[in-house]
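Subject: the structure for you to look at

Hi,

Here is the structure I promised to pass on. Have a look at it first, then read my notes below.

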Amino acid sequence: MNPTTVDSKWMSPTTEDGSMDRRGNPAVKATTGRWRSAILLLANYGLVTCAFFGVGVNLVVFLRRVLHQGNAEAANNISKWTGTAYIFSLIGAFLSDSYWGRYVTCAIFQAIYVTGLVILSLASWFLLVKPSGCGGVDSRCAEPSSAGVALFYLSTYMIAFGNGGYQPSIATLGSDQFDETDPVEARSKVAFFSYFYLSLNVGSLFSNTVLVYYEDSGRWVMGFWVSAAAAALALGLFLLGTPNYRHFKPSGNPLTRIAQVLVAASRKWHAHVPARAELLHEVEEEDDTSNKASGGTRRILHSDGLTFLDRAATVTTLEEEEEERTKDPWRLCTVTQVEEAKCILRMLPIWLCTIVYSVVFTQMASLFVEQGATMDTTIGSFHFPAASMSLFDILSVLAFIAIYRRVLVPVMARISGNPQGLTELQRMGVGLVIGMAAMVVAGLVEVARLRRVASPEQQASSLSVLWQVPQYALIGASEVFMYVGQLEFFNGQAPDGVKSLGSALCMASISLGNYVSIVLVSVVTSLTAGERRPGWIPGNLNSGHLDRFYFLLAALSLVDLAAYIACAVWYKGIKLGGGEVRKASTHV
């Protein structure tokens, strides 16, 4: 993973991207950051992921067997929980970018995360899994107590809060360990996001195989305690690397800076924007107030488009007469501040187009599992838990990351001339297409499953659960293109002052995807079920039409793909000042 050394006589011994050591001094390249720190953060993330999926991947089964919830209720509760976990990423990103910084945010939210896992383990041990070992394939738990259910929801949402707040900060802190102004470290920074997603899937591999198997057999308490231990070990490793991390100073509340741009532009709605960008207001580099005016970020060059915001940086006659015109940022903003607002507005349409994909992705943790539970889960004499089918998603991710980096990148680089092979936006588009294909395949598998059901009362179809392998594998392939592309795109295109927000947008997309999935399941259930109709997603899937729901998602994905292509063609990348251009790689 270590990059080869190159002649670096011309390079500065300290970083030039604004990163600092823990004492606030410019970070020394030889003793801070790079792969030494990044590998520690990747191991930390892998363990945190192992803990998260140790709880989450089989939680829908826990809700049904231990808390006695129905299929639709359990699926919606999983979507709510997962959605909440990822929406909390916006809170973590805001605190990280504005006040606490990446390191402190990661440490605090990991502590909350570990606490939630410990409470869940204790609640399950003493209050929920009664009698001990219940909740397996053939054993039923007693009705849960009110106190047990209350502690269950408290602990699981503490886990969601801790994990959600931690995720965007750890992704950004990891990429912060590489100076993008250094050619060698810049290449490592791009590679980091692939390894970051790789560590996610390696971490979840143990959870999706060993832990799921034991939990499915009724050993829930053991599974939850293993998850708590993994999270505690992750926190220890994170703190171990403290002396060598590179840090960026929080830049203040980005919402205030964006609001200032909107207010200033509104006040000057009839102002004439100069044709030459250099006539717009920008603070001189040597001015000590430049950091304050631009939120502590590097200067961003003026871009065409969204010109109504340029009014915020237009100097009026009245302001020309004032000696200290930067005193009121609600009337006059810098070009950098305006461009920061433009960057965020330009990314939003791209982000919105990823939500439908997240609806597709979230089915893997809910309806895919419920579909698999109605199939033949015996392979020879071995019972293969339906939740363990996500193993094929993980294996697909691991395989496609290797295929993409070793095969597709070199081939596409020769064809397109882009050293990255495919641009971030192109990869996200490919992810949308593969996700749509996964829904079509899942629908066809459900059609085949229903044909093997003799009557609705039949416990399980004779169709083997292994027929689900293609749909899981396609979801895994789509993740490599969509989510790795998203991480690179939003982190690379986000201005310095909102870097964690860029990473949080990926998680927020998954969150909204879960909430949209809840609405879709509820609407479809309401419209298709009646007094004499079981509906598409009834408690007994043998009497329903889950295949039609999958085909509906495929159709929505097709419409979303068309909208995404239009937004990607319109998008313009960020350009930094000082002679440095952050290549957006955004052409479709």
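**A charge without a partner**

Asp 547 is buried (under 20% relative accessible area; over 50% is exposed and in between is partly exposed, with a 1.4 Å probe and protein chains only), yet Asp 547 has no salt bridge, and the nearest side chain of opposite charge, Arg 548, is 5.0 Å away. A salt bridge here is a side-chain nitrogen of Lys or Arg within 4 Å of a carboxyl oxygen of Asp or Glu. Lys and Arg count as positive and Asp and Glu as negative, while His and the chain ends are not counted. You'll find Asp 547 in helix α18 (residues 546–570); helices (H or I, at least four residues) and strands (E, at least two) are DSSP runs, numbered from the N terminus. Leaving out residues up to four places away in sequence, Asp 547 touches Gly 443, Glu 446, Val 447 and Leu 450, where a contact means heavy atoms within 4.5 Å.

Before you go on, note that this is a predicted model, in which local features need pLDDT of at least 70 and side-chain atom pairs count only at pLDDT 80 or more, while totals for chains, interfaces and linings use all residues. Residues are numbered from 1 along each chain as its sequence is written, and side-chain values use heavy atoms, with hydrogens and water left out.

**The whole thing**

The protein has 18 helices and 2 strands. Its radius of gyration is 25 Å, which agrees with the value near 25 Å that a compact globule of 588 residues would have; it is taken over C-alpha atoms, and the globule rule is 2.2 Å times the number of residues to the power 0.38. Along the principal axes, the C-alpha atoms fill a box of roughly 85 × 50 × 50 Å. Buried residues make up 55% of the 588. Among contacts with a separation of 6 or more, 82% are between residues 24 or more positions apart.

**The charges that do pair**

Side chains of opposite charge can pair when their charged atoms come close. How many salt bridges are there by this rule? The count comes to 12.

One of them joins Arg 65 and Asp 216, with the closest N and O atoms 3.1 Å apart. Arg 65 is in helix α2 (residues 59–65) and Asp 216 in helix α6 (residues 183–216), so this pair links distant parts of the chain, 151 residues apart. Asp 216 counts as buried because its relative accessibility is 5%.

Arg 102 and Asp 176 form another, at 2.8 Å between the closest N and O atoms. Arg 102 lies in helix α4 (residues 102–128) and Asp 176 in helix α5 (residues 146–176), so the pair ties together parts 74 residues apart in sequence. Both Arg 102 and Asp 176 are buried.

Then there is Asp 310 with Lys 342, at 2.9 Å between the closest N and O atoms. Asp 310 is in the loop between α9 (290–293) and α10 (317–321), and Lys 342 is in helix α11 (residues 335–353). Asp 310 is buried, with a relative accessible area of 4%, and Lys 342 counts as buried at 0%.

Cheers
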